[in-house]
Amino acid sequence: MNPILKVSSITKAFGNLIANDNITFAVNKGEVLAILGENGAGKTTLMNILFGHYTPDKGDISFEGQQMTFGNTGNAISHGIGMVHQHFTLAENLTVLDNIIIGQQSLLNLSLPRKRAKQKLIQLSESFGLPIDPDSLVVDLSVSEKQRLEILKTLYRDCKLLILDEPTAALTPQETETLFKTIRKMVNLGLSVILISHKLNEILSVSDRIIVLRNGKLVGQSKTSEASRNTLAKMIVGKTVNYPKKEKLILGNEFMRIENIDCNPLNESNSGLSNVNLKLSGGQILGIAGVAGNGQVTLAKILAGHIKPKKGKIFINNKLINSISPKTFMSSGVAYIPEDRNQDGLVGDMSVWENSVMTETNRKDISNTFGWINEGHCINQANDICNNYDVRTQSIFQPARLLSGGNVQKLLIGRWLSRNPKILIACQPTRGLDEGAIASVQKLLLSSRSKGNAVLLITEDLDELLSISDYISVIYRGKITQPIETSKLNRLKVGLMMAGESINV
């Protein structure tokens, strides 16, 4: 096949950190090339070089046989390279058509070719199967419609190579399949696509070829037809990944129950909760499925005592809880793994050992009545957590922000499990982690379940939900379905419920 893009010996360092180390690969015309790698592997840096955000220290890139200049996104766009970032860059107060035109010339220009632009947008929409109303305000669009708009923006500028960064992160399975149909149609028409994703099953279903980065280096490549999830995971991590298996357990006693809970949204982008009822029992993982922004964060923070509901009752061990606070819930046996592990889970500039014990300062062996910390005991506790939960550090005295995402997550889970909680609220515990770290975190959740504890798992990864949850409820616009046994569900049915169909509350 004829390469449309050639990347030769690209190297980029930030101080002592080598983000890209002598990377060489090509993208053929009319193919989907998937780029895999754990957090920090160098994928984002490489894409930013391709799209003109960064200038490499060494190496060359040619597009359609022409040498590209670096550090200029306008140059990349003029060559025909487009990029859709994971977080959309849209002006929500403007229409779809205005967002298409914006950046090319002033929207105040009286000679703005709106009619011609609208005709081209409609033609592209029909050709690539991306239906959208040019006159709609972006603020009124769904997540999948905003993604269509981002893709149409690149096609409008005559894109020949499209870079998609984690494009399915906030889509239902049905929306994901629609996107994949669009990608297939694009490549059939001669376009090329670079796809970055952590979801191996999706990569295997839509790509033609796969390359893997690890620690800034290209460590493997394969035709998709010759790859499997296990072989890809081994390339990503550097060793065989053993995924945990769920054993059948007898349902234990009820540990927590919420009744008729109403709550306002935490912010403009998140739904509140409306008449929510939910029960957590020992020896069970209850999975919560839903597209981001439907009230998951609100639910997690209510169950952890971080916010007080507007209406409704919360029972722990059949006792009505009147004092809503994190401290009250912690003392009642609740542990909370937050969605944003770096912002809400730890203090990055404090050491690993300090983060290991920051929830335990009321213990007599940790601090005395005058507030003085027993540093020796704290260090022993931190070492125990790191050893027991495989938290890999250079030193427990290093700043916690220097840990990888997977080690941060294992530190947080280990910190909470060392308290022997009866209820574990885990919100997006494996988001953004590599396959090895995902397997480790899932083992910890299943281990807590096997000890008779209750686990609430909130995740957007349906494969994870279906593999380790005992029951699944779906949250949609602040309403939650009754739990259904996982054995009676599949991706299609859960996806329909995530989109609001057949939802019974």
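Guide: The second largest pocket has 20 lining residues, and Met 83, Thr 89, Glu 150, Lys 153 and Arg 157 lie nearest its centre. Here a pocket is an open set of points on a 1 Å grid over the protein atoms alone, where a 1.4 Å probe fits, with protein on both sides within 12 Å along at least five of seven lines; lining residues have an atom within 4 Å of a point. Strand E6 (81-84) and helix H5 (143-156) are the elements that give two or more residues to this lining; both are DSSP runs numbered from the N terminus (helices H or I, at least four residues; strands E, at least two). The top contributor is E6, with four residues. By type, the lining splits into ten nonpolar, seven polar and three charged residues, where Asp, Glu, Lys and Arg count as charged, Ala, Val, Leu, Ile, Met, Phe, Trp, Tyr, Cys and Pro as nonpolar, and the others, Gly among them, as polar.

One caveat: this is a predicted model, so local features need pLDDT of at least 70 and side-chain atom pairs 80 or more, while totals for chains, interfaces and linings use all residues. Residues are numbered from 1 along each chain as its sequence is written, and side-chain values use heavy atoms, leaving out hydrogens and water.

Over at E10, six bridges tie it antiparallel to strand E9 (residues 209-214), with Arg 209 partnered by Lys 223.

Technical notes
Two strands pair if DSSP finds at least two bridges between them.
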